[in-house]
Amino acid sequence: MLCGRWRRCRRPPEEPPVAAQVAAQVAAPVALPSPPTPSDGGTKRPGLRALKKMGLTEDEDVRAMLRGSRLRKIRSRTWHKERLYRLQEDGLSVWFQRRIPRAPSQHIFFVQHIEAVREGHQSEGLRRFGGAFAPARCLTIAFKGRRKNLDLAAPTAEEAQRWVRGLTKLRARLDAMSQRERLDHWIHSYLHRADSNQDSKMSFKEIKSLLRMVNVDMNDMYAYLLFKECDHSNNDRLEGAEIEEFLRRLLKRPELEEIFHQYSGEDRVLSAPELLEFLEDQGEEGATLARAQQLIQTYELNETAKQHELMTLDGFMMYLLSPEGAALDNTHTCVFQDMNQPLAHYFISSSHNTYLTDSQIGGPSSTEAYVRAFAQGCRCVELDCWEGPGGEPVIYHGHTLTSKILFRDVVQAVRDHAFTLSPYPVILSLENHCGLEQQISPELSALAVYCHATRLRTLHPAPNAPQPCQVSSLSERKAKKLIREAGNSFVRHNARQLTRVYPLGLRMNSANYSPQEMWNSGCQLVALNFQTPGYEMDLNAGRFLVNGQCGYVLKPACLRQPDSTFDPEYPGPPRTTLSIQVLTAQQLPKLNAEKPHSIVDPLVRIEIHGVPADCARQETDYVLNNGFNPRWGQTLQFQLRAPELALVRFVVEDYDATSPNDFVGQFTLPLSSLKQGYRHIHLLSKDGASLSPATLFIQIRIQRS
């Protein structure tokens, strides 16, 4: 059930004829482009339509990638295997050859999962194993999450440059796409795959295949009825405008239409005053008529409507699917907090055993782990330094089977990558096990002035003034003990000095603890194993999602005051009520691409992570066999005592009655950055990569007492 009420039109009397004219033009939503027929450029390649939409069909680099290249994949000094790599016609994925054929999904990688494309010997792998290939012929594709880098050597420098330039253009165009364009791109990539004989016509069997691909199990009778309603030529094939009509019906958003008509009335267009009324009901800050007019000019697709300052349903959908219509406050995505306070006043994104890419016992160490940590906004990394051969200190997890890397290489990685995304200070946490000769250095010692390691003996201030540069390192167990036994004293200590918390050594598989408990007491450097995905890293990503993802977030006032009375164990009575109506989801990913009949049964869980009294989770019912456009309309409500510390985590799972539910996607953000009203949640994978165009559509209400 959607909340709202019918509005009386506030448009001047002379406007209805114009509104009627515009409404007539847009009686149906803006057409999704159908796959081209042979007369459209003389091609029967529907997938190229996606690249045409991206404006890259004539780009020489992209055309070369479509033809494919035989590139050498480099994994060791002796393992250099030639493989064919080819850009798919959807412009979203790259197919690659494997020595042993695997499932189709194991032969592609997606452009949106690429973190960076580097030229030359700019990866650990190529620096160690790429000496036989000129740097000009080499490139590295670095991925988000835990996927290993792809180190490649091309036959020529020009071919390497084509892939570097082409991937860079595709990534830039993908980042610039609106959510509506991503949806268009996404549906046409599946349409291309479902068209089994590539004749640009869709039989009912192919339509059923398409529906399964996009995660919807539609009743055969209903699907055939919809198919025949669009089959105006009555030849049991959809083509051209018929496919366009089928897709338009498939992608309809009834819940958005209902909201739109509550404000537009019968003429099916919003005037600027009516849009302003919607913004005011949303609780938008700075909602003015000028703001409404600006949104029309930005998101309206129909030129006639735009000229008359009217917004159609398509423009309304474009707005709600944009970053300005998302649940995350768009003004919080840049640095907006005071960055001139003492270090102790900030939460600082921190990594534990940064050099590891897997377990603490026998996993590999790599400089790439530092590069990835910095790419995620990390500002405190750890270096465990040990005696190495030839007078060179090494970094590894001492007394274990983890591999070793040179201290020199790590410092160079810090130099090259630490300030790519954030200009703010980086803290190197040095665990020094070297003898006098190898421990690297009066110059290095001279730098140890801003953060001086100190054993925490008491929480009570010493007679002399506390030194803000002093840092105490505590295990998670000791930190939890202090929180339980001396909550307020620990908060006051952390208002003056830095505290670093690290995982227990017993976590052999590099598992993480929940960082929220430590943040509740004002601990600044809550170090996690960045290589291990899970809800703990989701919370860390959510905490540092705001303030430009610079790795520093200003602590709430109650954690910065030296005489604070705040105790996370006793936060006081509820002060805030959070109500979230989970309305619908759109285009959820298919979990098992190799099983066409495997359709998700999605449910939504909302979790609150904050002080112990605020921690809670509630979930919706599950929707059977529909990951394409499931609908719930259920309201979940939470009472909060310390809202300034709370994180809200939205989780979508595939319900299973006989085993644990499967993870589908999630998004986490601070409650203080959550906007009210009708909003979209743009879901992320386990590794934090975008699952676009997968979204949740919700209504948020926050009441403060």
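This briefing describes aromatic ring pairs, and charges placed over rings, in the structure above. The model is predicted, with local features needing pLDDT of at least 70 and side-chain atom pairs counting only at pLDDT 80 or more, while totals for chains, interfaces and linings use all residues. Residues are numbered from 1 along each chain as its sequence is written, and side-chain values use heavy atoms, with hydrogens and water left out.

**Ring pairs**
- The structure holds 19 aromatic pairs, where rings of Phe, Tyr and Trp (its six-membered ring) pair if their centres lie within 6.5 Å, and planes under 30 degrees apart count as stacked, over 60 as edge-to-face and the rest as tilted.
- One of these pairs joins phenylalanine 347 and tryptophan 519, which is tilted because the planes stand at 55°, with ring centres 6.1 Å apart.
- Tyrosine 678 and phenylalanine 697 form a stacked pair, since their planes are at 20° and their ring centres 6.0 Å apart.
- Tyrosine 678 belongs to strand β28 (residues 677-684) and phenylalanine 697 to strand β29 (residues 690-704), so this pair ties together parts 19 residues apart in sequence; strands are DSSP runs (E, at least two residues), numbered from the N terminus.
- Tyr85, Phe96, Phe109 and Phe143 are linked into a cluster by ring pairs.

- Phenylalanine 347 is buried at a relative accessible area of 1%, where buried means under 20% (1.4 Å probe, protein chains only).
- Tryptophan 519 is buried at 0%.
- Tyrosine 678 is buried at 3%, and phenylalanine 697 is buried at 0%.

**Charges over rings**
- Arginine 253 lies over the face of phenylalanine 697, 5.3 Å from the ring centre; a charge sits over a ring if NZ of Lys or CZ of Arg is within 6 Å of the ring centre and within 35 degrees of the ring normal.
- Lysine 81 lies over the face of tryptophan 79, at 6.0 Å from the ring centre.

Terms used. Buried < 20%, exposed > 50% of the residue type's maximum accessible area, 1.4 Å probe, protein only. Helix = DSSP H or I, 4+ residues; strand = E, 2+ residues; numbered from the N terminus.
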